[in-house]
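Look at the structure first, then read on.

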Amino acid sequence: MKTTSILLQTLCVPCTCHCRYCLLSWDGLTTGADWERSRRCAAAFAAWIREHRPELRFHFAFGYSMEHPGLPRALDFLREIGSVGAEYLQCDGLRIRTPDETAAFVLMLREHSVRHLNFTFYGTETYHDRFAGRKGDFRWLLALRDAARKAGLETSVGIPLNRENAGQIDKLLNVLEPENVRLFIPHAEGRGAQLEPIRLRMEDYTRLSEPAKALLNRRVYRTEAEWIADPPPAPTERSLLLSLTPENITEFEQSDFSEIIARAEALDEAYYTPIPPLKELLRLYGDPDGEAFFGARDLAARYQKRWLREHNLQPYDVTDERQTGSRRF
């Protein structure tokens, strides 16, 4: 398994939403290490990567949202170390601003080299606000998008598709157009596990309009039956996620970065080595008539966790993106 990239993160910034679908299971408490110490650690790590492991891609990120109290300086730092977050801003969970504040905000982003803003819409207004856990979120995102366009920034939208909102998609597209929109099947990570009862099924997909169907990448998202008939290739590469916390920041500051990478790789190997390959898991657990939609990694995780439970194994969970772990692809 080849390590190709590293993402260093600190979850030190609050989020102003409380979405039903939250990768990081935001519960109102930040878990990341202090920003300034994390920034210094990231600068040192980036320099080490450039000198010793230039073949690795390295990025630094913060969360739970991008509502950083010193966002201009944070963006400048991300640009200095070549992190993708300097140009691409995920806008979910930002505080709601007045029209004048919104205009000033997007101009600041443009001045600090942000070129693309991405938004998540969960459905039409009432459904979206309830899903995001904040009244007014839908209209705020639209206002921010419009202000970003006026300032010359690129924008895009992702819509997590499920059984509840499938019938809203055409109305939502009418509101969003013209826009760079993609539909996707939400995964079961974090609070996404709570969406399992409303996972999209083939009967829901067939009722979508042709324009809506065209926005869901059917090479990426298939039914369980389709994955069984044509299994995805086995992963050959991995990305490491290194999460800075108050408990481990000193270790990161004092350890050799090669040792930190090696420990994360060992966690990845310890988790995945006992588990059979996906083709075997498909044979064991797959429903050849299954009509629910999955991404390949999400379906694999579903089977892998089931196999671990059935064999009474409880390894450190490298798939929990709140903590140090990995993604295989």
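The model is predicted. Rolling a probe the size of a water molecule over the atoms shows where empty space is left. A search of the whole structure turns up 1 cavity of 30 Å³ or more. The volume of the largest cavity is about 60 Å³. Its lining includes Leu 161, Asn 162, Ile 185, Pro 186, His 187 and Ala 188. Gly 192, Leu 195, Glu 196, Ile 198, Arg 199 and Leu 200 also line the largest cavity.

The second largest pocket holds about 150 Å³ of space. Its lining residues are Leu 242, Asn 248, Glu 251, Phe 252, Ile 260, Arg 263, Ala 264, Leu 267, Tyr 316 and Thr 324. Two or more of these come from each of α10 (249–254) and α11 (257–272). With 4 residues, α11 gives the most to this lining.

**Helix α11**

The buried residues of α11 are Phe 257, Ile 260, Ile 261, Ala 264, Glu 265, Asp 268, Tyr 271 and Tyr 272. They sit on the same side of α11, because they cover an arc of only 130 degrees around the axis. An α-helix has 3.6 residues a turn, so residues three or four places apart point the same way.

Several elements meet this buried set. It packs against the helices α1 (35–52), α10 and α13 (296–310). It also packs against the strands β1, β8 (237–244) and β10 (325–328). Ile 260 and Ala 264 are among the buried residues of α11, and both also line the second largest pocket.

**Val 13 in β1**

Val 13 belongs to strand β1 (residues 2–13). Is Val 13 buried or exposed? Val 13 has a relative accessible area of 2%, so it counts as buried, the cut-off being under 20%.

Leaving out residues up to four places away in sequence, Val 13 touches Thr 30, Phe 62, Gly 63, Tyr 64, Ser 65, Glu 67 and His 68. Tyr 64 is 51 residues from Val 13 in sequence, yet their C-alpha atoms are 5.4 Å apart in space.

How values were computed
Residues are numbered from 1 along each chain as its sequence is written. This is a predicted model: local features need pLDDT of at least 70, side-chain atom pairs count only at pLDDT 80 or more; totals for chains, interfaces and linings use all residues. Side-chain values use heavy atoms; hydrogens and water are left out. Buried means under 20% relative accessible area, exposed over 50%, partly exposed in between (1.4 Å probe, protein chains only). Contact means heavy atoms within 4.5 Å. On a 1 Å grid over the protein atoms alone, a cavity is a set of points where a 1.4 Å probe fits but cannot get out, and a pocket is an open set with protein on both sides within 12 Å along at least five of seven lines; lining residues have an atom within 4 Å of a point. Grid points are joined across faces, edges and corners, and a volume is the space filled by probe spheres set on the points. The arc is that of the directions from the helix axis to the C-beta atoms.
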